[in-house]
Structure formats: C-alpha cells, structure tokens
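Please keep the sequence and the coordinates at hand while reading.

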Amino acid sequence: MKKAFAKLNFFESLGWFGNIILSIGVIPQVVQTYKTHDVASFNWPFLLMWAFGVFFTFIYIVNGDLKSNKRQYPLWLNYIVNIFATFYLCYAKLIFS
C-alpha cells in the first residue's frame, strides 16, 4: 500500500484530492435529507440527470480502464459514492414527496 502512494505524482495527488472532495461534498445533503425528509427543493430533472449522468460516466470510465488495463481509482471513488448518493436522493424524493 505504501508503495502505491509513493508513486503518486502531483497530478495524481490532485485527482485524489479533488475526487475525495467531490465524494464527501454530497454526504451532507444526503444526511440532511435523511434526517429532515425535506425534498421540496429537489426537482426531478436535476436529480435524474445527475443520477444517470454519474452512472453512465462511471460505466464509461470502467470500460476505458478495463481496455487500457489502468485503473483510475480516484474517479471510481467519486462516481461510486455519487451513484449511491444520487439514487438515494431520487428514492427520498419519491418517498417523501
């Protein structure tokens, strides 16, 4: 594990940092929605475009990574977290509206 992080260059570090921020950024909204059940400010077009956008982009990234035999794990982290978060927010909008 230590070897993997020793190989990170400046731009890979930026990628990890940016994707961690993006992954964490959605969590407060999910927690607030879970606690309050307030989904009035969410609109369906935004939620659905966001959910399917991150899902389809993740498929694209995984496909490219499998073809190139290189893994972009910072992107995987970001998109997996966002897939679960956005689909939860869609679920919450459906249930709590």
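The model is a predicted one, in which local features need pLDDT of at least 70 and side-chain atom pairs count only at pLDDT 80 or more, while totals for chains, interfaces and linings use all residues. Residues are numbered from 1 along each chain as its sequence is written, and side-chain values use heavy atoms, with hydrogens and water left out.

## Annotated segments

According to an unreviewed UniProt entry, the annotation "transmembrane region" covers residues 12–31, 43–63 and 75–96. UniProt positions are given here in the numbering used for the model, feature names are shortened, and such annotations may be inferred rather than shown by experiment. Helices and strands are DSSP runs numbered from the N terminus (helices: H or I, at least four residues; strands: E, at least two). Over residues 43–63 the chain is 95% helix and 0% strand, with end C-alpha atoms 31 Å apart. Residues 75–96 are 100% helix and 0% strand, and their end C-alpha atoms are also separated by 31 Å.

## Surface patch

Which residues form a nonpolar patch on the surface? The patch consists of W44, L48, F52, F55, F56, I59, F87, Y91, L94 and I95, and its members together have about 950 Å² of accessible area. Two or more residues each come from α4 (44–68) and α5 (73–96). Helix α4 supplies the largest share, six residues. Patches are made of residues with over 30% relative accessible area and no salt bridge; like charges are joined within 9 Å, and nonpolar side chains (Val, Leu, Ile, Met, Phe, Trp, Tyr) within 5 Å. A salt bridge requires a side-chain nitrogen of Lys or Arg within 4 Å of a carboxyl oxygen of Asp or Glu. Accessible areas come from the Shrake-Rupley method with a 1.4 Å probe, and for residues only the protein chains shown count as cover.

F52 counts as partly exposed because its relative accessibility is 36%; the cut-offs are under 20% for buried and over 50% for exposed, with partly exposed in between (1.4 Å probe, protein chains only). F55 is partly exposed as well, at 33%. Leaving aside neighbours within four places in sequence, F55 is in contact (heavy atoms within 4.5 Å) with I83 and F87.

## Nonpolar cores

The largest nonpolar core has 11 residues: V26, V30, V39, F42, L47, A51, A85, Y88, L89, C90 and A92. At least two of its residues come from each of α4 and α5, and α5 gives the most, with five. A second, separate core has seven residues, among them V54, I61, V62 and W76. A nonpolar core is a set of buried Ala, Val, Leu, Ile, Met, Phe, Trp, Tyr and Cys residues joined through side-chain atoms within 4.5 Å.

F42, a member of the largest core, is in contact with Q29, T33, L47, L89 and K93 when neighbours within four places in sequence are left out.

## Individual residues

Is N78 buried or exposed? With a relative accessible area of 6%, N78 is buried. This residue sits in helix α5 and touches N19, L22 and S23, not counting residues up to four places away in sequence.

Helix α2 (residues 10–25) holds E12 and also S13. E12 is partly exposed at 36% relative accessible area, and S13 is partly exposed at 34%.

| Pair | Apart along the chain | C-alpha separation |
|---|---|---|
| E12 and S41 | 29 residues | 36 Å |
| S13 and R71 | 58 residues | 15 Å |
| F55 and I83 | 28 residues | 6.0 Å |

Two loop residues have backbone angles to note. H37 is not a glycine, and its phi is positive, near 60°. H37 lies in the loop between α3 (27–36) and α4, and its 40% relative accessibility makes it partly exposed. N69, also not a glycine, has a positive phi of about 60°. The loop between α4 and α5 contains N69, which is exposed, with a relative accessible area of 64%.
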